[in-house]
Amino acid sequence: MDVLVSEVGPRDGLQSITRVMPTEAKRRWIAAEAAAGVKEIEVGSFVPASVLPQMADTAELVTYAKSIAGLTVAALVPNAKGAQAAIAVKADKISLPLSCSESHSVANLRMTHARVLEEVRTVANLIKELPAGERPSFEGSLSTAFGCTIEGPIRDADIARLAEALMEAGCDEIGLSDTTGYADPAAVKRLIGVVRNAVGEDKITGIHLHNTRGLGLANALAALDCGLTTLDASLGGLGGCPFAPGASGNIVTEDLVFMLESMGISTGIDLEQLIAARDILGDALPQEPLHGFVAHAGLPLGYHPARTSV
Ligand code: ZN
């Protein structure tokens, strides 16, 4: 496998729609993607069910997904309390978002930057107390990095400062998130450079992109050119953006896998099996539009996946 495609639909896709997917369908979705060769799935977010009822079964889903051999089970946590819940069910990877825009952070999470960093320190300490083999990896995710719907553009100096602060507070690595779908390929390259300069070349391996304005795959390619090896995506581009009606959510997993495999970059994912998994979404959420070009057009004659590298 050359690139890790991390499926985030069960978290990002489902949390941005109001309908609640039954737990049983979520399990089938996770199982189908794992069977297709997806190696990492973010199964949910540890937020109170009163805030996001769609995520109420996250602990149960982590436990279920942990029973699938070879799968890295990731979860989002907004704070130390969420991290505690994620650690209790042995999530392999924990991401805590820090919104680069402080107004966004206060509006959405009711937390200033200082407050979020305090939570990060608490989480890092919780992880340190665990036996060495049981520690989840801990990513600080810079959300709204490419711009915010309240503040607009974020200064590079602020991105660098916040990346440093997250590492100092105890994160293992930094992720960049285009929460608002504002990124373009040049900005992707520039910000990866900003983070690398601030915290070190090896401390950023992944990026979280949305396709809100149609630049998702172009942005993914820019990240690949920079040497990033983990790309978040969502089956059927499930989700969307409340500010852009009709817009798709994350980049579409099927289209991303098609691009990578066609380019000779191995993902370990069987594209036909992945496309078949869309039926689970279609059956469970018939009113939600499913995006993706490859699923609609079909695989081209003569398509063959990349040879798996060892
Ligand atoms: Zn997102």
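Begin by selecting His-208, which counts as buried because its relative accessibility is 7% (buried means under 20% relative accessible area, exposed over 50%, partly exposed in between, with a 1.4 Å probe and protein chains only). The model is predicted, so local features need pLDDT of at least 70 and side-chain atom pairs count only at pLDDT 80 or more, while totals for chains, interfaces and linings use all residues. Residues are numbered from 1 along each chain as its sequence is written, and side-chain values use heavy atoms, with hydrogens and water left out.

Next, select the zinc ion. Its protein donors are Asp-12 (OD), His-208 (NE2) and His-210 (NE2), lying 1.9 to 2.1 Å from the ion. Donors are N, O and S atoms within 2.8 Å of the metal (3.2 Å for Na, K and Ca); water is not among the atoms, so sites may look incomplete. Asp-12 lies in helix H1 (residues 9-15) and His-208 in strand E7 (residues 206-208), so this pair ties together parts that are 196 residues apart in sequence. Helices (H or I, at least four residues) and strands (E, at least two) are DSSP runs, numbered from the N terminus. Asp-12 is also buried, at 8% relative accessibility.

Now select helix H4 (residues 80-88) and helix H6 (residues 113-128), whose axes come within 9 Å and cross at roughly 25°. Axes are lines fitted to C-alpha atoms, for helices over the stretch in contact, and angles run from 0 to 180 degrees between N-to-C directions.

Finally, display the side chains between these helices. Ala-80, Lys-81, Ala-83, Gln-84 and Ile-87 in H4 meet Glu-119, Thr-122, Val-123, Leu-126 and Ile-127 in H6 (contact means heavy atoms within 4.5 Å).
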